Structure formats: structure tokens, C-alpha cells
Amino acid sequence: MNKLNVKKGDTVVVISGKDKGKQGKILAAMPEDQRVIVQNVNMITAHVKPRKQGEEGGRISKEGSIDESNVMLVCPKCGKATRVGHAYEGDKKVRVCKKCGKNID
């Protein structure tokens, strides 16, 4: 089973590629492919065909997926891009910011 260090709803910063430096929220995570879809990052043009009568077709712009290794989590407490650590709080495993040491919800 593949695991990701980021999950849906996290704020991340792109650390490599054409969109390097952009920040956005994760809209979808695909652990089996090790890919994520980030809001307003890696925009692609999709050609859609009208499926119902009266529906419009055409070219739409939407987010494409990028590899999970090209994004870094932004800590909600300190606001810095950080690696993700793991710790046990009682019997629960929690994510921890490597820069400030606080738990990431």
C-alpha cells in the first residue's frame, strides 16, 4: 500500500517544474499513482464534447496531476514549507512539522 505525506485539503508549495514556487490547496490525492492535483497548478486544456442536448462543448482549462515528490507541505502553524515527520500521541500517529515541531492537523 502506497502512502503520501500530504492529503486532500493540505496547502502545499510546488518545489520543481514549470510552476515552481506556486502555492495551492490539494484538491485530490492519488496514492496508488503517487500523484496529487493542486489548485491552479499545472493547468491543462481539455477538449470536451457536448454530452447532453443543449450542453456546450469546447476547450476548458483544468488542473492536471503532478508527482507528489514535486510538492512540499506548508505548515499551518509557522507558514514555512517543511518536510513531514510522524510521531505518536498516545496511541494515535500524527504528522509533525520538522521546522517548528508542532502537530499538523
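This is a predicted model: local features need pLDDT of at least 70, side-chain atom pairs count only at pLDDT 80 or more; totals for chains, interfaces and linings use all residues.
Figure 1. Asn 42 has a positive phi of about 60° although it is not a glycine. For Asn 40, phi is near 60°, again a positive value in a residue other than glycine. Most residues other than glycine have a negative phi. Asn 42 has a relative accessible area of 17%, so it counts as buried, the cut-off being under 20%. Asn 40 is partly exposed because its relative accessibility is 49%, and exposed would require over 50%.

**Figure 2. Asp 10 in the segment before β1.** Is Asp 10 buried or exposed? Its relative accessible area is 8%, so Asp 10 is buried. Asp 10 is found in the segment that comes before β1. A polar atom of its side chain lies 2.9 Å from the backbone nitrogen of Lys 7. Leaving aside residues up to four places away in sequence, Asp 10 touches Gly 24, Lys 25, Ile 26, Leu 73 and Arg 95.

**Figure 3. The largest nonpolar core.** This core has 15 residues. Which of them have the most contacts inside it? They are Val 12, Val 36, Val 38, Ile 66 and Val 71. Three strands, β1 (11-14), β3 (35-38) and β7 (71-74), each supply at least two residues of the core.

**Figure 4. The surroundings of Val 36.** Val 36 is among the residues with the most contacts inside the largest nonpolar core. Not counting residues up to four places away in sequence, Val 36 touches Leu 4, Val 6, Ile 26, Ala 28, Ala 29, Met 30, Gly 64, Ser 65, Ile 66 and Val 71. Ile 66 and Val 71 are also listed with the most contacts inside the core.

**Figure 5. The open sheet of β9, β10 and β11.** Three strands form this sheet in the order β9-β10-β11, with antiparallel pairing. Which strands lie at the edges? They are β9 (84-89) and β11 (103-104), each of which pairs on one side only. Strands of a sheet pair through backbone hydrogen bonds, either parallel or antiparallel.

Figure 6. Six bridges join β9 to β10 (residues 92-97), and the two strands run antiparallel. Tyr 88 stands opposite Lys 93 in β10, and Gly 85 stands opposite Val 96. Two residues lie between the strands of this hairpin, where Gly 90 takes a positive phi near 70°.

**Figure 7. The hairpin of β10 and β11.** Here the strands pair in the antiparallel sense over two bridges. Arg 95 has Ile 104 in β11 as its bridge partner. Five residues lie between β10 and β11, and in this turn Gly 101 has a positive phi of about 80°. Arg 95 is also one of the residues that Asp 10 touches.

**Figure 8. The views placed in the whole chain.** The protein chain has zero helices and 11 strands. Its radius of gyration is 17 Å, well over the 13 Å that the globule rule gives for 105 residues, so the chain is more spread out than a compact globule. Along the principal axes, the C-alpha atoms fill a box of roughly 55 × 30 × 20 Å. Of the 105 residues, 28% count as buried. The chain exposes about 7,400 Å², with 46% of this area supplied by carbon and sulfur atoms.

How values were computed: Residues are numbered from 1 along each chain as its sequence is written. Side-chain values use heavy atoms; hydrogens and water are left out. A nonpolar core is a set of buried Ala, Val, Leu, Ile, Met, Phe, Trp, Tyr and Cys residues joined through side-chain atoms within 4.5 Å. Buried means under 20% relative accessible area, exposed over 50%, partly exposed in between (1.4 Å probe, protein chains only). Helices (H or I, at least four residues) and strands (E, at least two) are DSSP runs, numbered from the N terminus. Contact means heavy atoms within 4.5 Å. Two strands pair if DSSP finds at least two bridges between them. A polar contact is a pair of N or O atoms within 3.5 Å; within protein, one must be able to donate a hydrogen and the other to accept it, and residues adjacent in sequence count only if both atoms are side-chain atoms. The radius of gyration is taken over C-alpha atoms; the globule rule is 2.2 Å times the number of residues to the power 0.38. Accessible areas come from the Shrake-Rupley method with a 1.4 Å probe; for residues, only the protein chains shown count as cover.
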